[in-house]
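The tour goes from one selection to the next and says what is found at each stop.

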Amino acid sequence: MLSAREFTEQIAIQCEPLYQLNESNVKLFWKNNPTKEQRIDFFGRRMINERINCTELAQKISKMSMDTNPEEMFLLSKQAHDEAKHFWFVKDILEDLMGEPADIEAIYQNIREAQARGEKGWMPAELLSKFECSEDPMALAMYQYIAEGMAHRNWVAQSECAPNDLIAQKYAEIAKDEKFHSQIGRMQLEKLIVDEDSLTKAKKISEEVIELLWSLGHRQNSEARCIKAHIPLSHYELNTL
């Protein structure tokens, strides 16, 4: 049987090509010089994604048993606090682009309506509800380790190729937080994987999470190429959860 540490090291190796694809997508988006409207759409989705992260984690915290380890509760509360901060940061970026206050409810509803029409795909934070992370500690730890690890790499890239100092500075701090969140996930996985059954469960969840994130990465690559070629995004079939 693989040890828990060996398993997490194996996952890191498996995720490297996925992380590289998503880093390249971020760089391609900015290299293509997106329009103001495309930037507003991009950061609107990012803002809502951060808010979903925060509220989903808050649900998990609210359901923790009275005998929950204080360190575990503190770390997850710290992550929820960080996600609220990221929501605030991205809202600031969005309003700087728009030149006016953002109507968050309208942005959220527009995203949901576009998803229902098949014009927009899912957001990474929606994996939290798909895998019932508020109920399943293994699924939550896997999301933290893999998805937040990907976010760290994405936002390092974004801070390096951002078109202005506001975006660069905000995303440099977000990237630092995401690395910490991924480390929380790894630490929790290495506590939860204790026998063959828990290892089998962890493998199954990791395969599903990685597969979905690959589909997201390919969709985002198609979207970036649409921007470059001035082709409507509806030209491509978008993946759904």
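Contact means heavy atoms within 4.5 Å. This is a predicted model, in which local features need pLDDT of at least 70 and side-chain atom pairs count only at pLDDT 80 or more, while totals for chains, interfaces and linings use all residues. Residues are numbered from 1 along each chain as its sequence is written, and side-chain values use heavy atoms, with hydrogens and water left out.

I107 sits in helix α4, residues 104-116. Helices here are DSSP runs (H or I, at least four residues), numbered from the N terminus. With a relative accessible area of 17%, I107 is buried; buried means under 20% relative accessible area, with a 1.4 Å probe and protein chains only.

Next, select C54. C54 counts as buried, at 19% relative accessibility.

Which disulfides can you find? The structure holds zero. A disulfide is a covalent bond between the sulfur atoms of two cysteines; the cut-off used for the pair of sulfur atoms is within 2.5 Å. For C54, the nearest cysteine sulfur is that of C133, 15 Å away. Now select C133, which is buried at 3% relative accessibility. The closest cysteine sulfur to that of C133 is in C15, and at 15 Å it is too far for a bond.

Move on to two helices: show α3 (residues 70-98) and α6 (residues 137-161), which pack at an angle of about 45° with their axes 13 Å apart. Axes are lines fitted to C-alpha atoms, for helices over the stretch in contact, and angles run from 0 to 180 degrees between N-to-C directions. The angle makes α3 oblique to α6; oblique is what remains after under 35 degrees (roughly parallel), over 145 (roughly antiparallel) and 65 to 115 (roughly perpendicular). To see where they meet, select L76, Q79 and E83 in α3 with L140, Q144 and E148 in α6.

Last, select S206 in helix α8, residues 196-229. Is S206 buried or exposed? At 2% relative accessibility, S206 counts as buried. Leaving aside neighbours within four places in sequence, S206 is in contact with F7, I11, M142 and I146.

Terms used: Buried < 20%, exposed > 50% of the residue type's maximum accessible area, 1.4 Å probe, protein only.
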